[in-house]
Amino acid sequence: MPPPTPHGRLRGLILIWSFPVLVLLLFLALGAAAMMAGASTLAAILVLLGLGSVPCTVPRLRQPPAGAPRDTVTVEVGAHPRLADTLTRAARAAGAPTPQAVLLDQGFGVEVPDATHPDTLIVGHPLFVLLGADEFEAMVAYALARPAPDPVSTALEANAAAQGAIGRLQARLYASTLSADQRTAEAEARATATRLTSAAALDHGLAVADQAATSVRLSPYVDLFDNARSRAPLTEAVRQ
């Protein structure tokens, strides 16, 4: 997983930080105009409104708190030569570190958890049954080659709800400066995966994972829960 693309980030930061400055300058200019017109009370109100707008319009870039730990099981890669070979080939093609830790969860995706753990891969264990070898290898290469989530964009989107319309606007403005670079990075990751296997293998793997994730029947699990027979977490099932 390469670091976030730098192109557009500077433009995005300038754009979101210019927003509170422009709002403040607008109120100060209106206040100066009111002062020149002799309306000192109105001028003072406008200046105070401008100063009060700063905390509301400053971008909130604090990272959101970490979520609950995922229910995963660690796979001993060395005990599975075919899996180890697949990871090595995919990492070599993506120009990324070979995953040293593979964590199985109950999802339907293949992903690197974050930029701080580039040698860790999270794989939905159903994919080992649903995908062929080429499809799985293509999805691993695709996951390793994709850029890491941009931390500024992640923080803006996470804090947008608390900041309201202004926060949502800032998140959209920043994302718009990254869209072209993100499309380029996604295209490069796709090209990496298809060179390793084929475009058909990647497309079919992604389609199978997406279909599986959206077509799982939840009602049987809800019924089991209602009758106090819900399944144990994956980690407990493995221990048993």
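This is a predicted model: local features need pLDDT of at least 70, side-chain atom pairs count only at pLDDT 80 or more; totals for chains, interfaces and linings use all residues.
Close-up 1. Apart from residues up to four places away in sequence, Gln170 touches Ile16, Phe19, Thr57, Val58, Pro59, Leu156 and Gln163. Gln170 is found in helix 7, which spans residues 165-196. With a relative accessible area of 0%, Gln170 is buried, because the term applies under 20%. A polar atom of the Gln170 side chain lies 2.6 Å from the backbone oxygen of Thr57.

Close-up 2. The relative accessibility of Ala209 is 6%, and the residue counts as buried. Leaving out residues up to four places away in sequence, Ala209 touches Phe108, Leu127 and Met139. The C-alpha atoms of Ala209 and Val110 are 9.3 Å apart in space, while the two residues are separated by 99 residues in sequence.

**Close-up 3. A nonpolar patch on the surface, with Leu25 as one of its members.** The patch is formed by Val21, Leu22, Leu25 and Leu28. Together these residues have about 350 Å² of accessible area. Leu25 is placed in helix 1, which runs over residues 9-36. At a relative accessible area of 47%, Leu25 is partly exposed, because this class lies between the limits of 20% for buried and 50% for exposed.

Technical notes
Residues are numbered from 1 along each chain as its sequence is written. Side-chain values use heavy atoms; hydrogens and water are left out. Patches are made of residues with over 30% relative accessible area and no salt bridge: like charges are joined within 9 Å, nonpolar side chains (Val, Leu, Ile, Met, Phe, Trp, Tyr) within 5 Å. Accessible areas come from the Shrake-Rupley method with a 1.4 Å probe; for residues, only the protein chains shown count as cover. A salt bridge is a side-chain nitrogen of Lys or Arg within 4 Å of a carboxyl oxygen of Asp or Glu. Helices (H or I, at least four residues) and strands (E, at least two) are DSSP runs, numbered from the N terminus. Buried means under 20% relative accessible area, exposed over 50%, partly exposed in between (1.4 Å probe, protein chains only). A polar contact is a pair of N or O atoms within 3.5 Å; within protein, one must be able to donate a hydrogen and the other to accept it, and residues adjacent in sequence count only if both atoms are side-chain atoms. Contact means heavy atoms within 4.5 Å.
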